[in-house]
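User: I'd like to learn how to read a structure like this one. Could you walk me through it, feature by feature?

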Amino acid sequence: MMQYPEHKQLNLPAIADEILESWQKEKVFERSITERYNSKSFTFYEGPPSANGLPGIHHVMGRAIKDLFCRYKTLQGFQVKRKAGWDTHGLPVELGVEKRLGITKDDIGKSISIQNYNNACREEVMKFTDIWNDLTLRMGYWVDMENPYVTYENTYIESVWFLLKRLFDQGLIYKGYTIQPYSPAAGTGLSSHELNMPGTYKEVKDATIVAQFTVVKDEKANVLFKDIIEDDLRLLAWTTTPWTLPSNTALTVGAKIQYVAVRTFNQYVHEPVTVILAKGLMNKYFTEVNAELSLDSYSSCDKAIP
C-alpha cells in the first residue's frame with residue numbers, strides 16, 4: 001500500500017517546498033514532455049511578461065489559470081511544450097532608460113549613440129529576470145525557463161516577419177484606418193497599457209482645441225469654393241481629444257447644422273483666409289464679421305468631407 005506523508009500541522013510554505021523539491025528531483029515537468037514524444041501536441045500561446053517591472057499578484061493569478069489548461073491537456077495524453085519568453089518591446093522600457101540617463105528622444109544619436117542607447121534598453125528590460133524566474137519556480141508554473149525566446153533577438157523578429165509575409169501572401173492582411181493615441185514626444189502611437197502608466201495624465205485648464213483643416217482645391221471640393229475669394233479655405237473643428245489629430249483622415253458635418261463661411265485673417269500668419277464653421281458658433285469665435293456667406297446647400301449634407 002502506498003504511503004502518503006503525514007503533516008502534524010499545516011505549514012503551507014514547507015509543503016510547497018517539498019512538492020517543488022519532488023518535482024525537480026523526479027524531473028516531472030521534463031518527463032511530461034519527453035515521455036509523450038509520439039503523442040499529439042497541444043500548443044498554448046502565451047503573451048510573455050516584461051522583465052523590466054516587478055511581478056504582482058495579478059501575474060500569479062493569470063499564470064495559475066494558464067497552467068490549468070496546460071496540465072489538463074497533459075493529463076489527457078497530449079505533449080504540451082511550454083516555452084518561456086520575455087517581452088522586451090514597449091515605450092515603458094525606453095522611458096525608464098531615458099529617465100535613468102537624464103536624456104530625451106532628441107539626445108539619441110547626439111549625446112548618446114544609438115548603440116549605447118540600445119544596450120541600455122537591453123539591460124533595463126531584463127533587470128528583474130531573476131525575481132521573475134524565482135516566482136515562476138515557487139508558484140509551480142511549468143515552463144521552460146532555460147531556453148526562453150526574447151523578442152529583441154533577431155531570430156524572434158525574423159520569425160514574426162516571416163509569419164506576416166505568409167499572412168500577406170494568403171490575402172489575410174489589409175490596410176485600414178483607426179484613431180490611435182499618439183505621443184509627439186516619443187514619435188509613436190500609444191497602447192492602452194501605456195496610456196495607463198503613472199504620470200501619463202495631468203490636470204490642465206483647457207483640454208480642448210479648435211483645429212484648422214485646409215481644404216484641397218480639386219473637383220470634389222469645388223462646391224466649397226463657390227463665391228470664395230481666397231484659395232485658402234479652412235474647416236474649423238472643435239475636439240476634446242487633440243492627441244488623435246495626427247491620425248485623422250476625414251471630417252464629418254451635421255445633417256441638421258447650418259454652416260457659414262467667414263472671411264477673416266489667419267491669426268498665426270496674418271494673411272486672408274476663409275473659414276467654415278457652424279453658424280450658431282460664429283459669434284463665439286468672431287467679434288467682428290466683415291463678410292458672411294450662408295452655406296444653405298450644406299445644411300442637409302451628411303457625408304464626410306475629406
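User: What should I know about the model before I go on?

Analyst: It is a predicted model, where local features need pLDDT of at least 70 and side-chain atom pairs count only at pLDDT 80 or more, while totals for chains, interfaces and linings use all residues. Residues are numbered from 1 along each chain as its sequence is written, and side-chain values use heavy atoms, with hydrogens and water left out.

User: How many helices and strands does the protein have?

Analyst: Helices (H or I, at least four residues) and strands (E, at least two) are DSSP runs, numbered from the N terminus. Here you get nine helices and eleven strands.

User: What does the radius of gyration tell me here?

Analyst: The radius is taken over C-alpha atoms, and the globule rule is 2.2 Å times the number of residues to the power 0.38. For 306 residues, a compact globule would come out near 19 Å, but this protein has 30 Å. Along the principal axes, the C-alpha atoms fill a box of roughly 100 × 45 × 40 Å. As for burial, 26% of the 306 residues count as buried.

User: Which residues does arginine 63 contact?

Analyst: Contact means heavy atoms within 4.5 Å. Setting aside neighbours within four places in sequence, arginine 63 is in contact with Glu46, Pro49, Trp132, Thr136, Met139 and Tyr141. Arginine 63 lies in helix H3 and counts as buried because its relative accessibility is 8%. Across the protein, of the contacts between residues at least 6 apart in sequence, 68% join residues at least 24 apart.

User: Where is phenylalanine 44, and what does it touch?

Analyst: Look in the loop between helix H2 (28–34) and helix H3 (57–75). Not counting residues up to four places away in sequence, phenylalanine 44 touches Lys66, Phe69 and Cys70. With a relative accessible area of 27%, phenylalanine 44 is partly exposed. Its C-alpha is 14 Å from that of alanine 64, which is 20 residues away in sequence.

User: What about backbone angles: which phi value does lysine 27 have?

Analyst: Lysine 27 has a positive phi of about 50 degrees although it is not a glycine. Find lysine 27 in the loop between helix H1 (12–26) and H2, where it is partly exposed at 48% relative accessibility. Histidine 270 is another non-glycine residue with a positive phi, near 60 degrees. Histidine 270 belongs to the loop between strand S8 (259–265) and strand S9 (272–278), and it counts as exposed because its relative accessibility is 61%.

Key: Buried means under 20% relative accessible area, exposed over 50%, partly exposed in between (1.4 Å probe, protein chains only).
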